[in-house]
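Dear colleague,

Please find below the structure that I am handing over to you. My notes on what was found in it follow.

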Amino acid sequence: AFATGSVALYSWGNQGSIFDDVVVNVLGGGPGNQAPTVSAGPDQPITLPNMATLDGTVTDDGLPNPPGVVTTTWSKVSGPGTVTFGDVNAVDTTASFSVDGLYVLRLTGDDSVLTTSDDLTVTVNPAGGAGFIAYNDLAWGTGQLSTNITTITSPTGGSGFPSSGQLVDFATGLPTPVLLTVTGGNFKGDLHAGQGANPATGTDAYGLFNGIVNGQGAVSYVNQAGSSLVLTFTGLDPAKVYDLAYFAHRNKYAWDRASLVSISGQDTFTNSSSVATDNPSEAGGVLFTGPTDPSTRLPADNDNGYVARFSNIDPGSDGAVVLTISFDGAVASEFKGKYGSAVRLQE
């Protein structure tokens with residue numbers, strides 16, 4: 001064992017003469033290399049089209065020796081749309097967002113040996129001056145959330161809830177011009193409302209629906225060919241654009257009873273659904289193939305909180321848009337799945 005400093009070691013020959021020497025540099029005491037200390041900064045809200053200003057901090061002990069360089073990287077952990085960073089490798093930078101919702105961003109510091117990360121949450125509100133946001137619980141049950149939402153659902157099953165009605169503005173509770181009509185499916189009230197589960201924290205569905213509409217409960221299926229669950233929106237303004245998000249979670253059966261959520265009737269749209277790679281029926285496992293894909297596949301066991309979402313919807317001159325939820329599962333002889341939990345329409 002050596003103290004801090006330079007120590008000379010001598011090797012002696014047979015006759016007592018010095019044969020060779022070696023100098024060993026002994027570093028100062030301490031715990032050795034420590035991981036960088038990283039802070040992503042405080043949580044923050046913004047309103048579109050503003051960007052978030054990210055003020056992170058990263059400190060390091062200068063080890064490994066010789067002193068290494070700490071590489072920093074920003075990344076999106078969760079959120080309903082895409083995130084574009086001003087400089088993905090700068091500690092202080094900006095982030096812009098494609099759609100509103102709840103986003104978790106991560107700052108990572110890496111000194112080439114050890115890595116540390118820290119997260120912050122950015123609440124992205126819709127653009128100022130935007131129209132209404134309306135929520136509908138497709139599978140409402142006793143004691144669930146009910147303020148300034150609608151509970152329009154399947155006409156089959158004897159639930160007692162309406163299958164058609166005006167959507168209401170969540171901010172005011174006042175009726176909107178948009179009429180939602182539901183056909184197909186099967187909803188038996190509290191029986192089906194007790195199935196499924198609320199979206200997990202940090203998922204896209206959580207960011208869009210948590211605390212507003214219960215994710216628990218699911219409209220069930222009619223096990224027959226051609227028995228899709230259909231949501232028809234009429235009364236849309238041809239001079240405006242809309243954002244439509246759909247969530248379904250049966251909490252069982254996974255991809256065996258998958259639902260294919262398809263939009264139709266519109267002039268233009270952008271598919272901005274959840275991004276994932278665990279879909280067994282599509283190359284690369286994607287839920288949808290790109291921004292022009294009119295369909296998104298959702299698993300029956302949707303623990304990851306995937307949503308089917310279509311943005312920048314131009315409804316066309318007739319002011320009507322349709323969501324069709326069809327069976328897209330693994331068993332060709334079945335027509336199950338077609339679940340529905342909640343839907344959101346933003347003007």
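**Findings**

P49 sits in the loop that runs between β4 (44–47) and β5 (52–55). Please keep in mind that the model is a predicted one. The peptide bond leading from L48 to P49 is cis, and its omega is near 10°.

N148 is a residue other than glycine with a positive phi, near 55°. This residue belongs to the loop between β12 (133–137) and β13 (164–168). Its relative accessibility is 26%, so N148 counts as partly exposed. N312 is not a glycine either, yet has a positive phi of about 55°. N312 is part of strand β20, which covers residues 308–314. Because its relative accessibility is 47%, N312 counts as partly exposed.

Two or more lining residues come from each of β16 (242–247), β18 (268–271) and β20. By type, the lining consists of 9 nonpolar, 10 polar and 4 charged residues. The space in this pocket is about 350 Å³.

A further asparagine, N186, is placed in the loop between β14 (175–183) and α1 (190–193). Is N186 buried or exposed? Its relative accessible area is 14%, which is under the 20% limit, so N186 is buried. Apart from neighbours within four places in sequence, N186 is in contact with S154, T156, G157, H192, V219, S220, Y221 and V222.

In soluble globular proteins, nonpolar side chains tend to be buried together. The largest nonpolar core here has 41 residues, and the members that touch the most others are L231, F233, Y246, L323 and L345. At least two residues of this core are supplied by each of β14, β15 (229–234), β16, β17 (259–264), β20, β21 (321–327) and β22 (342–346).

When neighbours within four places in sequence are left aside, its contacts include F132, I133, A134, L167 and V178. L345 is also in contact with F233, L236, Y242, D243 and L244.

With kind regards

Notes. Residues numbered from 1 in each chain as written. Predicted model: local features only at pLDDT ≥ 70, side-chain atom pairs only at ≥ 80, totals over all residues. Heavy atoms only, no water. Helix = DSSP H or I, 4+ residues; strand = E, 2+ residues; numbered from the N terminus. Buried < 20%, exposed > 50% of the residue type's maximum accessible area, 1.4 Å probe, protein only. 1 Å grid on protein atoms, 1.4 Å probe; cavity = no way out; pocket = protein on both sides within 12 Å on 5 of 7 lines; lining within 4 Å. Points joined across faces, edges and corners; volume = space filled by probe spheres on them. Nonpolar A, V, L, I, M, F, W, Y, C, P; charged D, E, K, R; others polar. Contact = heavy atoms within 4.5 Å. Core = buried A, V, L, I, M, F, W, Y, C linked by side-chain atoms within 4.5 Å.
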